[in-house]
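Welcome! Try each one yourself before reading on.

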Amino acid sequence: MFARVTQFKMKPGSRDAATALMNTLKGQIMGLPGMVHFINVMNEDGSGYVISVVDSEETSNANAEKVQALWANFAEQLEGPPSPQGFDVIANWPA
């Protein structure tokens, strides 16, 4: 498995709007090829991370254009472009 961890920062006061928008895009996000897990964490100041786990690095790379298009929906809420990094998953333990 492979994880893409993306740091982002929302504009002040846009957290609720961004969260609502994310919820409307759930089907598209979870419908990305190879999607295993999707986690979005955000502090009150709008700083946060998206952690998406997919079946492989190749799948993650192949999804890049679709992911960029999804982020484009948040252009009005984002302070700047999100900053993604990729990692091999070395542990994925359920509770």
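**Exercise 1.** How many cavities of 30 Å³ or more does the structure hold? Then describe the lining of the largest cavity.

*Solution.* Keep in mind that you are looking at a predicted model.
- Step 1: Count. There is one cavity of 30 Å³ or more.
- Step 2: Find its volume. The largest cavity holds about 240 Å³ of space.
- Step 3: List the neighbours. The lining is made of 19 residues, and those nearest the centre are I29, F38, V50, W71 and F74.
- Step 4: Trace them to elements. Two or more lining residues come from each of β1, α1 (15–24), β2 (35–42), β3 (47–54) and α4. With four residues, β2 gives the most.
- Step 5: The lining of the largest cavity has 14 nonpolar residues, four polar ones and one charged one.

**Exercise 2.** Now turn to the largest pocket: which residues lie nearest its centre, and which element gives the most to its lining?

*Solution.* 
- Step 1: Start with the space. The largest pocket has about 230 Å³.
- Step 2: Look to the centre. Of the 13 lining residues, R4, A64, V67, Q68 and P84 are nearest to it.
- Step 3: Assign elements. β1 (2–9), α3 (57–62), α4 and β4 each contribute at least two residues to this lining. The element that gives the most is α4, with four residues.
- Step 4: Sort again. Six residues of the pocket lining are nonpolar, six are polar and one is charged.

**Exercise 3.** Is M35 buried or exposed? Work out where M35 lies and what M35 touches.

*Solution.* 
- Step 1: Locate the residue. M35 is part of strand β2.
- Step 2: Apply the cut-off. M35 has a relative accessibility of 15%, and buried means under 20%, so M35 counts as buried.
- Step 3: Leave out residues up to four places away in sequence; M35 then touches I29, M30, S52, V53 and V54.
- Step 4: Compare chain and space. M35 and F2 are 33 residues apart along the chain, and 9.9 Å separates their C-alpha atoms.

**Exercise 4.** Why does Q77 count as buried, and which residues does Q77 touch?

*Solution.* 
- Step 1: Q77 sits in the loop between α4 (64–72) and β4 (83–88).
- Step 2: Use the cut-off once more. Q77 is buried because its relative accessible area is 13%, and the limit is under 20%.
- Step 3: Read off the contacts. Beyond residues up to four places away in sequence, Q77 touches K9, M10, K11, S14, A17, A18 and L21.

Terms used. Residues numbered from 1 in each chain as written. Predicted model: local features only at pLDDT ≥ 70, side-chain atom pairs only at ≥ 80, totals over all residues. Heavy atoms only, no water. Buried < 20%, exposed > 50% of the residue type's maximum accessible area, 1.4 Å probe, protein only. Contact = heavy atoms within 4.5 Å. 1 Å grid on protein atoms, 1.4 Å probe; cavity = no way out; pocket = protein on both sides within 12 Å on 5 of 7 lines; lining within 4 Å. Points joined across faces, edges and corners; volume = space filled by probe spheres on them. Nonpolar A, V, L, I, M, F, W, Y, C, P; charged D, E, K, R; others polar.
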